[in-house]
Amino acid sequence: MKVALFIPCLSEHMFAESAISMIKVLKHLGIEYEYVEGQTCCGQPAFNSGYRKEVVPLAERFIKLFKDKEFVVAPSGSCTAMVRIFYHELEIRDELKPALNDLSKRMYELTEFLVDVAKIDGIGGSFAHRVTYHDSCHLTRELGVREQPRKLIHSIKDIDFVEMEKSDICCGFGGTFSYKFSELSTSMVARKCKYIEESGAEYVIGADSSCLMNIDGYLRKHNMKARAMHIADLLAKSLNL
Amino acid sequence: MEMTPSKTKQYIKEALKDDHLRTAVDKATQTALHKREDKVDQIPYWEDLRFKAYAVKQDVIEHLDQYLEEFEKNCKQNGIHVHWAADTEEAQKIIFDLVKEKNVKTIVKSKSLTTEEIHLNKFLIDKGIETLETDLGEYIVQLMDQIPSHLTAPALHLTRQDIGKLFQEKLGADYTEDPEELLQIARKKLRQKFLAADMGISGVNFAIADSGSFCVVENEANAHLTVSLPRIHLAVMGIEKLLPDKGALPVFLKLLAPSATGQKATSYVNFIGGPSSEKYNEGPKEVHILLLDNSRSKILADSRLRETLFCIRCGACLNICPVYQQVGGHAYGWVYMGPIGSTLIPQYLGLVEGKYAPFASSLCGACYEVCPVRINIPHHLLKLRNKVVEAGQSMKGEKMGIAVWAFLAKHPMLYRFATWFPAQLQKLLPGEMAFPAPGYAKERAIGRFDPKGFRKKLFKLEKDSKKSSE
């Protein structure tokens with residue numbers, strides 16, 4: 001089993017360590033990986049801002065780069081959803097459509113891949129901290145991934161996992177929404193962080209770097225106890241990788 | 001109070017500062033959500049109902065012309081007068097002509113968003129016709145000279161203390177914040193009006209094409225009095241409200257009540273199948289129905305967006321929406337608000353006045369999960385964002401920025417440099433200065449770029465692992 005990695009923009013430039021953690025975990029589990037050179041952005045920020053024509057060449061690049069790979073795995077729910085769901089809304093050249101349909105069946109978010117495809121039941125490491133989990137919107141509602149990350153978290157020894165209130169309510173990031181409607185976005189993240197704090201967790205775990213950046217930024221600025229952590233980092237840490 | 005979605009940014013800012021409003025909205029939406037969840041959990045075939053409803057609506061909307069003709073024919077056979085209006089102006093004229101012709105002096109109304117859409121109250125009152133809302137929530141917002149802030153709970157933004165003060169001020173009642181006493185104050189005022197009114201105006205929840213009848217769903221019996229006491233009943237209906245036959249109705253009634261109010265069924269379902277008959281002499285002497293287009297056929301013409309016409313106005317998408325929960329309904333600036341409103345605003349009012357609505361969402365998709373007719377609202381918001389951009393209504397400078405970014409993203413070396421650069425800049429300057437996002441950074445620490453970046457780290461990792469295996 002070999003996976004081609006898709007490293008989204010935020011993972012490449014801000015959360016490189018999480019992407020490295022993902023690789024360490026894959027290696028630990030005996031899953032081969034490759035990094036496909038030439039990859040850039042999936043186009044999600046522009047697509048979500050209403051620019052579809054501009055995204056088409058990027059989508060076509062992406063399809064060509066990854067079309068022959070057995071599995072494509074990304075440490076992000078929203079970027080996975082972009083390819084799997086939203087690329088189909090674009091006016092992609094006809095000759096690339098079969099490749100897109102095919103790619104959509106083989107592209108996975110990390111936790112989804114580990115549990116559903118690689119059939120990993122447990123991770124076996126240990127992490128003696130109280131954690132909670134944030135369901136990111138696209139992962140949860142576009143891809144339907146809720147149980148997979150929880151299954152992985154539950155399999156870690158000594159972990160004190162608590163569900164926060166409304167774990168799947170939006171953190172308020174929403175890409176350019178957080179810029180265009182910054183006050184509104186702020187009041188949404190404030191509420192999310194209130195629920196995190198009330199859970200008493202030291203770490204809020206998530207599978208999307210964008211939400212984690214937003215949440216962590218608020219937690220830090222307001223000197224709140226919890227810190228955001230990507231699930232790849234949690235798995236790597238628990239295994240001492 | 002004139003409101004417009006083009007000022008939604010300003011309304012949102014104001015709403016966010018209004019703690020009183022936010023507490024009221026939060027409390028009301030949370031209660032509604034809990035009640036909804038509780039009822040939906042009791043219906044094991046809920047998802048089946050949603051799929052069925054979708055299929056019915058799809059059929060109706062795709063063959064709307066045929067169903068409307070069938071409905072008109074059957075209404076006429078039942079003795080119901082049918083009127084057609086293309087837009088607000090036409091609808092107002094038809095209604096006013098009718099009011100004059102029938103010598104109508106006073107009107108009682110039951111809750112109808114469609115009449116809000118054509119500003120009917122203001123229009124009739126300006127013409128000197130006494131027009132009174134009789135749904136308690138609508139009565140309250142009418143007294144306050146506001147528009148409803150929710151599809152099913154018009155006064156959701158107010159607390160009972162607000163209402164107590166309002167009744168004291170406007171009706172001269174003794175102050176009370178007891179809901180039952182408040183209800184009695186309004187009831188006393190309204191009961192006389194029902195008996196005296198010449199005309200009752202209602203909305204329509206569902207109209208049935210093959211029988212030429214329609215129903216109005218409610219909890220307060222005010223709609224029952226509106227459609228049965230005055231000598232004339234006028235129903236105002238958007239043309240999308242049709243169902244093909246009676247058989248479809250239970251599907252929608254079962255979906256509507258839990259979604260809207262967390263009830264298993266509403267207290268009253270009024271069926272209207274024509275005027276009073278000579279034989280029984282019960283009900284209004286005349287029944288009129290006004291079928292309103294007002295941009296609906298334009299929406300229908302776009303096959304990618306016509307799903308937005310499936311809406312049954314239950315308000316579940318408002319209650320679940322993390323944006324609505326923060327700011328309430330007036331922030332949207334129009335009669336249809338919340339997630340579904342944000343899809344309707346640019347379609348009804350155009351891409352200039354409605355240009356902000358599709359963007360005032362984090363696209364979280366919670367609305368789609370609760371929508372009883374499975375309207376994929378977040379996907380429609382995305383399509384409408386594209387329409388706004390294509391119409392040249394996007395933020396200043398954004399198009400240029402996106403073009404530059406798209407060019408870079410096609411060239412991996414350049415792209416890497418363009419993203420490497422801020423990382424270097426951030427080494428020298430504090431995050432907020434290297435990456436200016438004033439609104440964002442006000443309450444959030446700016447994320448740090450990783451100066452090494454993923455690729456360098458990957459190469460190092462691979463080098464190290466080679467070394468250790470040697």
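Which residue forms a salt bridge with K13(B)?

## Ground rules

This is a predicted model, where local features need pLDDT of at least 70, side-chain atom pairs count only at pLDDT 80 or more, and totals for chains, interfaces and linings use all residues. Residues are numbered from 1 along each chain as its sequence is written, chains are lettered from A and ligands numbered from 1 in the order in which they are written, and side-chain values use heavy atoms, with hydrogens and water left out.

## Between the chains

The partner of K13(B) is E183(A), with 3.9 Å between the closest N and O atoms; a salt bridge here is a side-chain nitrogen of Lys or Arg within 4 Å of a carboxyl oxygen of Asp or Glu. K13(B) sits in helix α1 (residues 8–17) of chain B and E183(A) in helix α11 (residues 182–199) of chain A, so this pair joins two chains. Helices (H or I, at least four residues) and strands (E, at least two) are DSSP runs, numbered from the N terminus.

K13(B) is partly exposed at 41% relative accessibility, and E183(A) is partly exposed at 38% (buried is under 20% relative accessible area, exposed over 50%, partly exposed in between; 1.4 Å probe, protein chains only).

## Within a chain

D160(A) and R130(A) also pair up in a salt bridge, at 2.8 Å from N to O. They link distant parts of the chain, 30 residues apart: D160(A) belongs to strand β6 (residues 160–161) and R130(A) to strand β5 (residues 130–133) of chain A.

In chain B, E286(B) meets K102(B) at 3.1 Å, N to O.

## The wider picture

Over all chains, the whole structure holds 40 salt bridges.
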